[in-house]
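Here are my notes from a pass through this one, as numbered points. Have the structure open while you read.

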Amino acid sequence: HLKDFRERIRINGEMIAEEDVMKYYQDLIVKSDEIKASFFEMTVAMAFAYFRDQKTDIAIIETGLGGRLDSTNVLNADMSIITNIGYDHQQFLGNTLAEIASEKAGIIKAKKPVVIGQYIKETAELFLRKAVSIGSPIYFSDYSSDKVEIINNEYFMINNFKVYCPLLANYQVENIRTVLNALDTYQVYYEDFEIAEINIYNGLENIQENTGFQGRWQILQENPKVIVDVAHNIDGIKEIFKQLSKEKFKHLRIVYGAVKDKDVNSILSLLPKNNTSYYLCEPPIPRKLPLEELYNFSINNNLSVVYKNESPKITYQK
């Protein structure tokens with residue numbers, strides 16, 4: 001979550017009520033303490049209990065940091081979706097794309113369809129072997145019949161329809177294609193589920209209102225232009241700076257903080273140096289990368305640090 005824990009558990013875009021969080025906390029805390037459950041495991045149990053009691057028709061569950069050993073993987077899901085495979089959480093998932101993909105493939109369920117969002121030869125062969133071995137139909141979104149391209153900052157061309165969508169970054173093309181492929185696939189295997197094309201386009205147009213989606217190439221203001229993005233690994237940072245290269249500016253100011261389990265040094269090596277000033281901070285959480293460590297990494301990468309403060313809010317205001 002970005003600001004409120006309840007962002008993690010929603011039905012039809014509506015966050016779980018505070019009194020429900022307290023109720024499920026009280027119901028679960030004794031057992032949670034007995035098994036020494038993590039914060040995320042406790043959250044998953046809370047979400048599952050809430051969705052069960054609210055009798056949801058369809059639940060979309062996001063894994064925490066992997067697949068095979070992720071606490072969400074206790075579900076025998078109707079369909080699995082694996083987006084792109086990048087270097088993240090290596091201390092848990094492995095140091096190569098193949099190792100990471102092997103962990104991600106752990107969410108593929110026997111005889112249930114799986115949709116792969118990005119075709120990478122190194123990982124595709126692994127996903128194919130896993131799917132074939134357990135009789136799971138597999139689909140790669142890159143080879144779907146859905147055609148998606150961005151035509152300007154706010155419009156996408158989707159299967160010859162011009163669709164407004166507030167997801168402004170180019171990297172959303174791949175995400176939208178994956179969503180379309182997943183919906184097509186789901187309707188093939190579950191005939192009682194049907195969704196009209198116009199409803200899909202309406203969903204994309206109203207995604208922020210419907211889901212509370214924020215933090216991905218989100219423009220907070222125009223003059224001066226302020227953009228926030230929560231990209232936190234090498235693949236995400238590369239996409240951000242592809243997008244940034246399309247912007248016009250005289251001088252770029254980057255407010256940056258990180259957590260200590262990311263490859264921060266490699267990320268900083270990708271950041272621009274010319275006409276760019278850096279304002280460093282540390283997130284107010286236990287996983288934070290201490291400010292002085294971040295500062296040292298930045299200096300070693302020849303970044304121009306003009307200000308640093310523990311508080312993200314104060315750093316941003318500067």
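Predicted model: local features only at pLDDT ≥ 70, side-chain atom pairs only at ≥ 80, totals over all residues.

1. The buried residues of α6 are Q172, V173, I176, R177, T178, L180, N181, A182, L183, T185 and Y186. As a reminder, an α-helix has 3.6 residues a turn, so residues three or four places apart point the same way.

2. What sits over those buried positions? The cover includes the strands β3 (80-82), β4 (114-116), β5 (138-140), β6 (148-152) and β7 (155-158), along with helix α7 (197-205).

3. As for its length, α6 runs over residues 172-189, which makes 18 residues. From first C-alpha to last, α6 reaches 26 Å, close to the 26 Å expected at 1.5 Å a residue.

4. Next, have a look at the open sheet of three strands, ordered β11-β12-β13 with parallel pairing. β11 (252-256) and β13 are the edge strands; each has a single partner, so one side of each has no neighbour in the sheet. On average, neighbouring strands here are turned by 20 degrees against each other, direction ignored.

5. Within that sheet, β12 (residues 276-280) pairs with β13 in the parallel sense over three bridges.

6. Now N301, which you'll find in the loop between α11 (291-300) and β13. Buried or exposed? N301 counts as buried because its relative accessibility is 12%, under the 20% cut-off. Leaving out residues up to four places away in sequence, N301 touches N265, L268, S269 and K273.

7. N309 is another loop residue, placed between β13 (305-308) and α12 (312-317). N309 is buried too, with a relative accessible area of 19%; since the cut-off is under 20%, I'd quote the number alongside the label.

8. Which polar partners does the N309 side chain have? One is the side chain of Y307, joined to that of N309 by a polar contact of 3.4 Å. There is also the backbone nitrogen of S311, which lies 2.8 Å from a polar atom of the N309 side chain.

Notes:
Residues numbered from 1 in each chain as written. Heavy atoms only, no water. Helix = DSSP H or I, 4+ residues; strand = E, 2+ residues; numbered from the N terminus. Expected span 1.5 Å × (residues − 1). Buried < 20%, exposed > 50% of the residue type's maximum accessible area, 1.4 Å probe, protein only. Contact = heavy atoms within 4.5 Å. Polar contact = N/O pair within 3.5 Å; in protein donor to acceptor, adjacent residues only side chain to side chain. Pairing = 2+ DSSP bridges. Axes fitted to C-alpha atoms, helices over the stretch in contact; angles between N-to-C directions.
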